[in-house]
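Visitor: I'm new to this one. Can you show it to me and walk me through a few parts?

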Amino acid sequence: MKDKSRTRDIRRSPGHNAPPDLLPEFDLIGRGMAQWRAERPDIDCSGKAIVGRVLHLQGIILRAVHAALVPYGLRYPAYAVLATLRVAGAPYRMSPSRLQETMLFTSGGVSNLLRRVEVAGLIRRIDDPADRRGTIVELTAEGFALAERAMAAHAAAERQLVSMLAPGEQAALATMLSRMIVLNGAAPAHLSHQSNDAEQYSLMDDD
């Protein structure tokens, strides 16, 4: 009960009124930064205050999303295919390359993922009428029905994840994160392969 009370308090209160153990310097990243400052005071580790927390949140978010999708027999990567095709609008089809761009998956990862989702009967791959060498991915009726149900649960999980922030805080955070994404969008060439590897591990591992 004590933990739930503290959570309610921080959802209602500005950061400076939060219980001490819920202030930034007391979370996992804050404690790690304190160790960095103690052991390597010559290095400015201030970027970890945001980058470290974004990376930590990735795991928290994926666990919450996976839990929300369990009743539908889905993991996030398969769900992402269905939802992306669904919101594309009728006739609910896209090229594999467009899916890859939209979902930020690697090409190899998309190919393997589509194979699994197709075997489950949720999508079908057909010849591209505009390109005989290409294929088009489209939702089956079963995939459409499953997407319709799962999308509401996914959106509810996302709202719950940000529910401790007031509407104005959510809007401000969304704007700042968008700025980071846009201005850091062109990753340095020497980091691109590392980014792809990390992306495939975190989003495609559904075993």
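Guide: We'll go through a helix pair, a sheet and one leucine. Keep in mind that this is a predicted model.

Visitor: Helices first. At what angle do α3 and α4 cross?

Guide: Roughly 70 degrees. Their axes come within 10 Å. Helix α3 covers residues 48-69, and α4 covers 76-87. Angles from 65 to 115 degrees count as roughly perpendicular, so α3 is roughly perpendicular to α4.

Visitor: Which residues meet there?

Guide: From α3, L62, V65, H66 and L69. From α4, Y76, P77 and Y79.

Visitor: And how many of those are nonpolar, polar or charged?

Guide: Six are nonpolar and one is polar. No charged residues take part in this contact.

Visitor: Now the sheet. What's the strand order?

Guide: β1-β3-β2, in an open sheet with antiparallel pairing. β1 (93-94) and β2 (123-128) are the edge strands, each pairing on one side only.

Visitor: How many bridges join β2 to β3?

Guide: Six, and the two strands run antiparallel. β3 spans residues 131-139. D127 stands opposite T135 in β3.

Visitor: Which strands does α4 touch?

Guide: α4 packs on the sheet and touches β1, β2 and β3. Its direction makes about 100 degrees with that of β3.

Visitor: New topic: where is L177?

Guide: In helix α8, residues 167-183.

Visitor: Why does L177 count as partly exposed?

Guide: Because its relative accessibility is 34%.

Visitor: How far is L177 from I50?

Guide: Their C-alpha atoms are separated by 10.0 Å. Along the chain, L177 and I50 are 127 residues apart.

Methods: Residues are numbered from 1 along each chain as its sequence is written. This is a predicted model: local features need pLDDT of at least 70, side-chain atom pairs count only at pLDDT 80 or more; totals for chains, interfaces and linings use all residues. Side-chain values use heavy atoms; hydrogens and water are left out. Axes are lines fitted to C-alpha atoms, for helices over the stretch in contact, and angles run from 0 to 180 degrees between N-to-C directions. Helices (H or I, at least four residues) and strands (E, at least two) are DSSP runs, numbered from the N terminus. Angles under 35 degrees count as roughly parallel, over 145 as roughly antiparallel, 65 to 115 as roughly perpendicular and the rest as oblique. Contact means heavy atoms within 4.5 Å. Ala, Val, Leu, Ile, Met, Phe, Trp, Tyr, Cys and Pro count as nonpolar, Asp, Glu, Lys and Arg as charged, and the others, Gly among them, as polar. Two strands pair if DSSP finds at least two bridges between them. Buried means under 20% relative accessible area, exposed over 50%, partly exposed in between (1.4 Å probe, protein chains only).
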